[in-house]
Amino acid sequence: MEETYLLNVEGVKKKILHGGQGELPKLQDGSKITFHFQTLKDDFERTVIDDSREAGIPMEIIVGKMFKLEIWETLLSSMRAGEVAEFWCDAIHTGMYALVSRGMRRIAEGRDPLEGQKHRCGMGNMFDYHSTGYDDLDELQRTPQPLIFIMELFRVEEPSAYKRDTWAMSKEEKLAAVPVLHREGNRLVLRKEFGQAAEKYQEAVICLRNLQAKEKPWEDGWLKLESLVTPLVLNYCQCQLELGEYYEVLEHTTELLQKHNDNAKAYFKRAKAHAAVWNEREAREDFLRVAHLDPSMAAAVKKELKQLGERMRKKHVEDRKRYQGLFQPPRGP
């Protein structure tokens, strides 16, 4: 089945290779489109530039999230589920393809697609690069040209029909998701499902950190978000203590204390992690700092110091026995 259509868009032709089913999708902001694509040059050999099937994972884009190749939303909106279609697009629509492809390739290679990119519009970023790092994409940047896209549409999901990735959420959606994730984490802690609880707390922190990145550090907006981040990080660290991930606790509590050096709970959790990995001096210093900052925790500190002393004495006894065994001369026959 091959039928050629002229879409109501200048410089675009469509050929249906395999018909789809159902109605045309009704796209709205936040809809997720899942599809496979192949990008070819409009030359005699129809040279393949990219093929999502080689990575084995379909492409996903979120409508309205400023995907740099806007024409793709237009092409996909003309397709039905299960349809395979070939689109010819003039150079007026493909000038940004080199940058889009560069990002997709870096993701497939496990690299950061935005590494080294300045916070500027897409066209401005294109002029920042002398090279994309890929010879064929450098050629496309130097000489914009028509491209052919072969697409297979799998599905279109409404915003409420799938779990939104953090990066795909609006500011309002992220703020609304944080208390929900916090409650879910607390519920899982009560059930002693610490690994899953830690994931919920971590996801909430990521939402807030993404929002913080758009605020000026230490100004009102940033501080308000930081006040939400701190208890989530502490809850996350408590879960990691329960899971025995002591070095991760040391990392996160130290980072927290660099910003908030009067947080007694952060010192307390860091002290417990130090104690667990036999850092006796550091543990004692942090426990004493807790008692100084929050006298109401003095009883808990006293108990922890007593346990630390007992554990260290036991360890010293065991170490002495072990070393004595190493240096004793062997007995004769």
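User: In this predicted model, which helix holds Arg105, and is Arg105 buried or exposed?
Analyst: Arg105 lies in helix H4, residues 97-108. Its relative accessibility is 14%, and a residue under 20% counts as buried. Arg105 of helix H4 is therefore buried.

User: Which side chains make a polar contact with the side chain of Arg105?
Analyst: Arg105 touches Ile49, Asp50, Tyr134, Asp136 and Leu137, leaving aside residues up to four places away in sequence. The side chain of Arg105 has a polar contact of 2.9 Å with that of Asp50. Another polar contact, of 2.8 Å, joins the side chain of Arg105 to that of Asp136.

User: What span should helix H7 have, and how far apart are its end C-alpha atoms?
Analyst: Helix H7 covers residues 171-190, which is 20 residues. At 1.5 Å a residue, the helix should span 28 Å. The end C-alpha atoms agree with this, being 30 Å apart.

User: Which residues of H7 are buried, and what covers them?
Analyst: The buried residues of H7 are Lys174, Ala177, Val178, Leu181, Gly185 and Leu188. An α-helix has 3.6 residues a turn, so residues three or four places apart point the same way. The cover over the buried residues of H7 includes helix H8 (194-212) and helix H9 (220-243).

User: Is Cys239 buried or exposed, and what does Cys239 touch?
Analyst: Cys239 sits in helix H9 and counts as buried because its relative accessibility is 2%. Its C-alpha atom is 7.2 Å from that of Ala197, 42 residues apart along the chain. Not counting residues up to four places away in sequence, Cys239 touches Val189, Phe194, Ala197, Ala198 and Tyr201.

How values were computed. Residues are numbered from 1 along each chain as its sequence is written. This is a predicted model: local features need pLDDT of at least 70, side-chain atom pairs count only at pLDDT 80 or more; totals for chains, interfaces and linings use all residues. Side-chain values use heavy atoms; hydrogens and water are left out. Helices (H or I, at least four residues) and strands (E, at least two) are DSSP runs, numbered from the N terminus. The expected span of a helix is 1.5 Å times one less than its number of residues. Buried means under 20% relative accessible area, exposed over 50%, partly exposed in between (1.4 Å probe, protein chains only). Contact means heavy atoms within 4.5 Å. A polar contact is a pair of N or O atoms within 3.5 Å; within protein, one must be able to donate a hydrogen and the other to accept it, and residues adjacent in sequence count only if both atoms are side-chain atoms.
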